[in-house]
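Hi,

Here is the structure I promised to pass on. Have a look at it first, and then read my notes below.

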Amino acid sequence: MIRPFLVLLLLLFSSALAPPAGAAFKSDRISVSVRGSGPDVVLIPGLSSSPEVWEGTVEAIPGYRYHLIQVAGFAGAPVGANAEGPVVAPVAEEIARYITESGLDRPALIGHSLGGLWAMMVAARHPETASRVMVVDMLPYLGALYAPPGTPPEGVQAIAAQIREGLLKSSDADRKARIEATIATMVREEGMRARPVAHSLASDRAVSAQAMYELIVTDLRPELPAIQGPLTVLWVRAPNSPLTEEQLAGAYRALYATAPAVTLTRIPDAYHFIMFDQPGTFQREVRAFLKGE
């Protein structure tokens, strides 16, 4: 007969030998690194981005076990299965599979830009996998900003296809210039622009172009009611936005109208990478979100 204290020792020993979350997970679309200990939080970077965008957040907010997603083909990672065919929906499915197979108990999801779309997609299509979602500067239907109101889906698809072709066919010099100009409108702090530029340049051109196409044409509005738990959205007005602050606020309200429990918060004096431009404000919002305040 095994005595109770021996059972405890066996449990402790087996726990010590168990691989950390993410270690045994294999995917040809994403990889995951794990930091810290505590309640689980999944961090998803955006288009052509690296998990490095979350470094300041992870360091400033201890007490959680962070699962940092690296998308294949982004920021120098091998392209894997993202080299051909759709990217966005398959990556969302892999994130959901990671949560399930790693035994995470309804973690919080935080996604920046395209990562925000992925977070919403996972939470809507697999409601059992997420307790709450934070979206950092992304709409559930980005195509609404690329075409006049009332444009049918096929019209938005045509616009997105033109953008994809332009990204694929531009010269290396033009691509570099475009990326630098784009990041200048996304990161207000000039000294913080070098890393996002490097990550974009290191990303596979075809994977990024396809993901951009899908980001524009994907309309998650009909799926938002399936998200269980709070949905927090932080948004900014980019310096090159054709919309006024009031118009953009109206667009966010309208496009998130189908979400049952959404909070929309504008972050002033910041561009797209809020975590770089207003780290203190961003970290305060993340703390409140994770605590359910």
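Among contacts in the protein chain between residues at least 6 apart in sequence, what percentage join residues at least 24 apart? The figure comes to 79%. Before you go further, do bear in mind that this is a predicted model.

First, the overall picture. The protein chain has 11 helices and seven strands. Its C-alpha trace spans about 75 × 40 × 40 Å along the principal axes. The radius of gyration of the protein chain is 20 Å, which agrees with the value near 19 Å that a compact globule of 293 residues would have. Of those 293 residues, 46% count as buried.

As for the surface, the protein chain exposes about 13,500 Å², and carbon and sulfur atoms supply 56% of that. On the charge side, there are 25 positive and 29 negative charges, and their mean positions are 3 Å apart.

You'll see Arg205 in helix H8, which covers residues 205-217. Its side chain reaches two backbone oxygens: that of Ser170 at 2.5 Å and that of Leu167 at 3.2 Å. If you leave aside the neighbours within four places in sequence, Arg205 is in contact with Leu167, Leu168, Lys169, Ser170, Ser171, Asp172 and Arg175.

Asp137 has phi near 60°, a positive value in a residue other than glycine. Asp269 isn't a glycine either, and its phi is positive too, at about 55°.

Where do they sit? Asp137 is in the loop between strand S5 (132-136) and helix H5 (153-169). For Asp269, go to the loop between strand S7 (262-266) and helix H10 (274-277).

And are they buried or partly exposed? Asp137 counts as buried because its relative accessibility is 9%, and the cut-off for buried is under 20%. Asp269, with a relative accessible area of 48%, is partly exposed.

That's what I have for now. Enjoy looking around!

Cheers

Definitions and conventions
Residues numbered from 1 in each chain as written. Predicted model: local features only at pLDDT ≥ 70, side-chain atom pairs only at ≥ 80, totals over all residues. Heavy atoms only, no water. Helix = DSSP H or I, 4+ residues; strand = E, 2+ residues; numbered from the N terminus. Polar contact = N/O pair within 3.5 Å; in protein donor to acceptor, adjacent residues only side chain to side chain. Contact = heavy atoms within 4.5 Å. Rg over C-alpha atoms; globule rule 2.2 N^0.38 Å. Buried < 20%, exposed > 50% of the residue type's maximum accessible area, 1.4 Å probe, protein only. Areas by Shrake-Rupley, 256 points an atom, 1.4 Å probe, with all protein chains shown as cover. Lys, Arg positive; Asp, Glu negative; His and termini not counted. Charge placed at Lys NZ, Arg CZ, Asp CG, Glu CD.
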